[in-house]
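Hello,

Here is the structure I promised to pass on to you. Have a look at it, and then read my notes below.

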2 protein chains.
Amino acid sequence: MECKNFEQNYKKEMRAVQDSMDVLSGKWKISILSSICFYSKRRFSDILSDIEGISNKMLSKELKELELNKLIKRTVMDTQPVTVLYELTKHGLSLKTIIEELTDWGIRHRKEITGR
Amino acid sequence: MECKNFEQNYKKEMRAVQDSMDVLSGKWKISILSSICFYSKRRFSDILSDIEGISNKMLSKELKELELNKLIKRTVMDTQPVTVLYELTKHGLSLKTIIEELTDWGIRHRKEITGR
DNA sequence: CCGTATCCCCGGGGATACTG
DNA sequence: CAGTATCCCCGGGGATACGG
């Protein structure tokens, strides 16, 4: 319950958490990752309808950032009209544990705030 | 490596992760929590100087939100002039594992992006 | 179908000054 | 010391239309 192991590389660790948050804290990032993860492979328009409220502009932008960060892989299918598939990379899948823990904590947090 | 366990309560879990992110993804939240956690108890002006770039307005705002979410406890000391101590609550401390994992992932992520 | 381009508005958040 | 108040600017992000 104490934070003694933070003592040594305090600053460096703070930068590392911040790096993670920079990647994940985009407005729709987690939802997009969840959607793709759940269906394994998912098309642009499918993700668009999975996530309530997102615009095509934002989806496009967020997908681009996730791809830049090597969390997802984009594949253009040679169909007519064009189809694009998104899937998680190995690196993207390495987030699974963290997402699950954030899920559990979110549930506990809701209980804590709403008063059990 | 698959995401089968997401199948059942997909929507509910997505909302839960989002709840967590809503609490944590504020611009300075993680830094503030880390600072307080590292020193166990910390004063307003100390946190202000711990975190490079934050303004007193933002610090005040973020602290208020963290307190509302019961992650930190605010204590006014009866000194002259007034001193205020911030510390993590039990609930706030329950984030420690997640923060540590985000730290580890951040380091791995940097390696992934910069190319080992 | 999968995006990009454009327009436009609102609020996040910095700088600074002020109060108890 | 620990904030609040005010001013002000810039860019995040929505709506809509267009292009390959």
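A salt bridge here is a side-chain nitrogen of Lys or Arg within 4 Å of a carboxyl oxygen of Asp or Glu. By that rule, 2 salt bridges cross the interface of chain A and chain B. In one of them, A:Arg110 pairs with B:Asp19 at 2.9 Å, N to O.

Before going on, please note that this is a predicted model, where local features need pLDDT of at least 70 and side-chain atom pairs count only at pLDDT 80 or more, while totals for chains, interfaces and linings use all residues. Residues are numbered from 1 along each chain as its sequence is written, chains are lettered from A and ligands numbered from 1 in the order in which they are written, and side-chain values use heavy atoms, with hydrogens and water left out.

Back to the two chains: 52 residues from chain A and 52 residues from chain B are in contact (heavy atoms within 4.5 Å). On the side of chain A that touches chain B, there are 24 nonpolar, 14 polar and 14 charged residues (Ala, Val, Leu, Ile, Met, Phe, Trp, Tyr, Cys and Pro count as nonpolar, Asp, Glu, Lys and Arg as charged, and the others, Gly among them, as polar).

What about DNA strand C? It is surrounded by 20 residues (a heavy atom within 4 Å), which by class are 7 nonpolar, 6 polar and 7 charged. For B:Lys27, a polar side-chain atom is 2.8 Å from a phosphate oxygen of DNA strand C.

Best wishes

Technical notes:
A polar contact is a pair of N or O atoms within 3.5 Å; within protein, one must be able to donate a hydrogen and the other to accept it, and residues adjacent in sequence count only if both atoms are side-chain atoms.
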